[in-house]
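This report describes the fold of a single protein chain.

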Amino acid sequence: MKKLVTSVLLFAAFAISAQESYWTNYSFIVEPQNQSTVFKLIDDYFKEHKWEGVTVTLYANHFHDADNEQTHVLGFSGSLDALGAIYADDGGDAWALLGSRLDHFIKDQSGARMGTTKKRYGDIEGDYPVQQYYILDVENAAAFEKALTKFNTDFKPEGRVVSMGNFTSGISPEGENHWALVGYKDFKGAIGGANATLTPAQRTARDAGWKNFQENNGGVRMVRSGLRYRMGQW
């Protein structure tokens with residue numbers, strides 16, 4: 001896997017239950033008429049070729065701003081040893097053939113990143129294929145993690161999962177260094193958001209907790225946000 005023909009953004013394909021894991025992601029642009037073909041090529045390959053200890057996930061970038069043009073992200077997540085093993089292997093003829101075929105149907109390549117998943121809150125064993133993502137420039141990482149942990153401990157996510165981590169490579173000139181994800185079971189949950197099922201009193205309390213988080217997170221600037229959904233996982 002020394003050569004990845006489909007190059008790549010977004011971030012963590014959080015698919016394993018460990019609190020801290022490693023990930024690499026590749027994002028690209030596929031025109032609508034080619035999306036089913038690209039999915040089939042990736043699906044066929046990873047159904048047959050399994051990498052021990054590594055989860056592979058394909059996402060579609062659904063809601064995004066005009067400059068956030070990538071349509072898909074292909075992510076790899078696992079332990080340091082597991083990811084290291086696949087990057088030490090060139091993948092052989094089958095991997096090279098997949099890359100060659102994908103090149104015919106991918107319009108452009110958006111970037112590549114790697115990083116870690118540091119914390120997960122809420123129902124970490126649940127299945128949450130619809131994910132809101134937030135790409136952040138954090139001034140004080142320790143304060144941010146402490147404040148986020150307090151907020152999600154005081155107001156434990158119900159029916160969703162919250163994850164956070166950092167970027168270790170592939171950072172843009174915007175200087176983003178952290179990310180956060182909120183996973184939902186479906187689009188209805190994502191559209192309604194965290195407050196949709198709360199009583200007025202619970203909303204008031206949660207809003208106060210969020211204000212406290214903002215005042216004690218060490219300084220956080222939003223770089224980008226959007227929503228993606230999982231197309232497949234192997």
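## Overall architecture

The chain contains six helices and eight strands. The model is a predicted one. Read along the sequence, these elements follow the pattern β-α-β-β-α-α-β-β-α-β-β-α-α-β.

## Dimensions and surface

Taken along the principal axes, the C-alpha atoms fill a box of roughly 60 × 35 × 35 Å.

Of the 234 residues, 45% count as buried. The chain exposes about 11700 Å², and carbon and sulfur atoms supply 50% of that area.

## The barrel

The eight strands close into a barrel with antiparallel pairing, and their order is 1-3-2-8-5-7-6-4. From one strand to the next, the twist averages 35°.

One of the pairings joins strand 2 (residues 54–63) to strand 8 (residues 220–233); the two strands run in the antiparallel sense and share six bridges. Within this part of the model, Tyr59 has Arg230 of strand 8 as its bridge partner. Helix 2 (residues 80–87) packs on the sheet, where it touches strand 1 (21–29), strand 2 and strand 3 (72–78). The direction of helix 2 makes about 45° with that of strand 1.

## Packing of helix 4 and helix 6

How do the axes of helix 4 and helix 6 (residues 200–216) cross? They come within 9 Å of each other and cross at roughly 170°. An angle over 145 degrees counts as roughly antiparallel, and helix 4 and helix 6 are therefore roughly antiparallel to each other.

On the side of helix 4, the contact is made by Ala143, Phe144, Ala147, Leu148, Lys150 and Phe151. Helix 6 contributes Arg206, Gly209, Trp210, Asn212, Phe213 and Asn216.

Asn152 is located in helix 4, which spans residues 141–154. Is Asn152 buried or exposed? Its relative accessible area is 7%. Because buried means under 20% relative accessible area, Asn152 is classed as buried.

When neighbours within four places in sequence are left aside, Asn152 is in contact with Tyr121, Pro157 and Val162.

Terms used. Residues are numbered from 1 along each chain as its sequence is written. This is a predicted model: local features need pLDDT of at least 70, side-chain atom pairs count only at pLDDT 80 or more; totals for chains, interfaces and linings use all residues. Side-chain values use heavy atoms; hydrogens and water are left out. Two strands pair if DSSP finds at least two bridges between them. Helices (H or I, at least four residues) and strands (E, at least two) are DSSP runs, numbered from the N terminus. Axes are lines fitted to C-alpha atoms, for helices over the stretch in contact, and angles run from 0 to 180 degrees between N-to-C directions. Contact means heavy atoms within 4.5 Å. Buried means under 20% relative accessible area, exposed over 50%, partly exposed in between (1.4 Å probe, protein chains only). Accessible areas come from the Shrake-Rupley method with a 1.4 Å probe; for residues, only the protein chains shown count as cover. Angles under 35 degrees count as roughly parallel, over 145 as roughly antiparallel, 65 to 115 as roughly perpendicular and the rest as oblique.
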